[in-house]
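Colleague: I have a model open on my screen and I'd like to learn how to read it. Could you walk me through it?

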Amino acid sequence: MGDRAPQRPHYAPGVPASIEEPSSTLDGLLAEAARDYPHRIAVDFLGRTITYAELDHQTRKAAGALHRAGVRAGDVVALVMPNCPQHIVAFYACLTLGATVAEHNPLAPASELREQLDRHGARVAIVWEQSLERLTADGGVHARTYLSVDLSRELPHLSRLLLKLPLASAQKQRSKLRGAVPAGVASFDDLVRKARARRDPSPAAIDDVAVLIHTGGTTGKPKAVMLTHRNIASNVEQTKAWVPIFTGGDEVLCCVLPFFHAFGMMATMLGVKLGASLVLLPKFDPHALLAANRRRGITLLPGVAPMFARILDAAAERGEDLSGVGFAFSGAM
């Protein structure tokens, strides 16, 4: 399309009337960020940091592990986990293989998850341990290949050590992160650690379905909406164009909205496009968010109105300065 049309009078200064149509598939976003900002912190997960070069390498290893597990172009791979480094790694690994990512709410009832998995027919499901425990409570672990995700594996070293202490407080924290893994279910974390990095070019085409997002829409019953590489890449470019003063390699994006929701997923994709540092929070906790802001200096904060109200209340209570947040995006309300 290009910016051939004049700027629209009701747009902010510098916002173009149209964007260039994207020509690359989504897996290229991470590869480009790793090339342009290799030493930039890509992920901050409760204090544990990963650079873009490391994230890209982990993604290539995960692609190798999933390929060995039988995932091929056009297959559906289900992701059932909260915001965590493994989620981003698995997401881009699937796209690198030309597979379709099916996103799921890890807190959804087991019956709902089973129905969704059966409907789209994922051959592999990468699942947080607690969701997996509920999902396979009836012993149904043979319908597809399940791979378990341990959230504690990506915590800072000291936090992992503290979780092992024989204390009631440590046991309480472990119970929030870990779950019982059925016999015969392999660890996604272990498979990625042992795998060789896969460097083959992605077989995906720009009009292939990249993601299935479950939404209730007008009926309340979640349905899988098909989003192509072109759909999502266009939305990333639109969002980037809407705020033309974003600075590549300098932004810090708070990823508190869940990746399994379209808003959270698109915000994260924008962050990768910008080479931003992604501050991942597995659940919304205003005090954890304020701690992340002190640690990293958040500049972009997507959220919904009730979140902002609680963040402001917590900041006022603790005397926290939020002036570094340059943009707060709101939606869904």
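Predicted model: local features only at pLDDT ≥ 70, side-chain atom pairs only at ≥ 80, totals over all residues.

Colleague: Fine. Let's start with helices. How do helix H1 and helix H3 pack, and at what angle?

Modeller: For a pair of helices, look at the angle and the spacing of the axes. Here helix H1 (residues 27-36) meets helix H3 (residues 85-96) at about 115 degrees, and their axes are 8 Å apart. An angle from 65 to 115 degrees counts as roughly perpendicular, so H1 and H3 are roughly perpendicular to each other.

Colleague: Which residues make that contact?

Modeller: Asp27, Leu29 and Leu30 come from H1, while H3 supplies Tyr92, Leu95 and Thr96.

Colleague: What about helix H9 and helix H10: at what angle do they pack?

Modeller: H9 (residues 229-242) and H10 (residues 262-274) pack at about 70 degrees, with axes 9 Å apart. That makes H9 roughly perpendicular to H10. On the H9 side you'll find Ile232, Asn235, Val236, Glu237, Thr239 and Lys240, and they meet Met265, Met266, Met269, Leu270, Lys273 and Leu274 of H10. The classes in the contact of H9 with H10 are seven nonpolar, two polar and three charged residues.

Colleague: Next, cores. What is the general idea?

Modeller: In soluble globular proteins, nonpolar side chains tend to be buried together.

Colleague: And in this model, which residues of the largest nonpolar core touch the most other members?

Modeller: That core has 62 residues, and the ones touching the most other members are Leu66, Phe91, Tyr92, Ile126, Phe188, Ile232 and Met269. H3 gives the most to this core, with eight residues. Apart from it lies another core, of 17 residues, including Val256, Val279, Ala292 and Ala314.

Colleague: Tyr92 came up in the helix contact too. What does tyrosine 92 touch?

Modeller: Beyond residues up to four places away in sequence, tyrosine 92 touches Leu26, Asp27, Leu29, Leu30, Thr59, Met269 and Val272. Asp27, Leu29 and Leu30 are the H1 residues of the helix contact.

Colleague: Now a single residue. Is histidine 104 buried or exposed?

Modeller: For that, read the relative accessible area; under 20% means buried. Histidine 104 has 1%, so this residue is buried. Histidine 104 is in strand E4 (residues 100-104), and its side chain makes a polar contact of 2.8 Å with the side chain of glutamine 116. If you leave out residues up to four places away in sequence, histidine 104 touches Ala78, Leu79, Val80, Met81, Leu113, Gln116, Leu117, His120, His214 and Phe260.

Colleague: His214 is in that list. Where is histidine 214, and what does its side chain reach?

Modeller: Histidine 214 sits in strand E8 (residues 209-215) and is buried, at 15% relative accessible area. Its side chain reaches the backbone oxygen of glutamate 103 at 2.9 Å. With residues up to four places away in sequence not counted, histidine 214 touches Glu103, His104, Gln116, His120, Pro222, Lys223 and Ala224.

Colleague: Last one: sequence distance against distance in space. How far apart are threonine 51 and alanine 34?

Modeller: Compare the two separations side by side. Threonine 51 and alanine 34 are 17 residues apart in sequence and 8.3 Å apart in space, C-alpha to C-alpha. For leucine 132 and isoleucine 50, the numbers are 82 residues and 26 Å, again C-alpha to C-alpha.

Colleague: And is leucine 132 buried or exposed?

Modeller: Leucine 132, in helix H5 (residues 129-135), counts as buried at 0% relative accessibility. Its contacts, not counting residues up to four places away in sequence, are with Val127, Tyr146, Ser148, Val181, Pro182 and Val185.

Terms used:
Residues numbered from 1 in each chain as written. Heavy atoms only, no water. Helix = DSSP H or I, 4+ residues; strand = E, 2+ residues; numbered from the N terminus. Buried < 20%, exposed > 50% of the residue type's maximum accessible area, 1.4 Å probe, protein only. Polar contact = N/O pair within 3.5 Å; in protein donor to acceptor, adjacent residues only side chain to side chain. Contact = heavy atoms within 4.5 Å. Axes fitted to C-alpha atoms, helices over the stretch in contact; angles between N-to-C directions. Parallel < 35°, antiparallel > 145°, perpendicular 65-115°, else oblique. Core = buried A, V, L, I, M, F, W, Y, C linked by side-chain atoms within 4.5 Å. Nonpolar A, V, L, I, M, F, W, Y, C, P; charged D, E, K, R; others polar.
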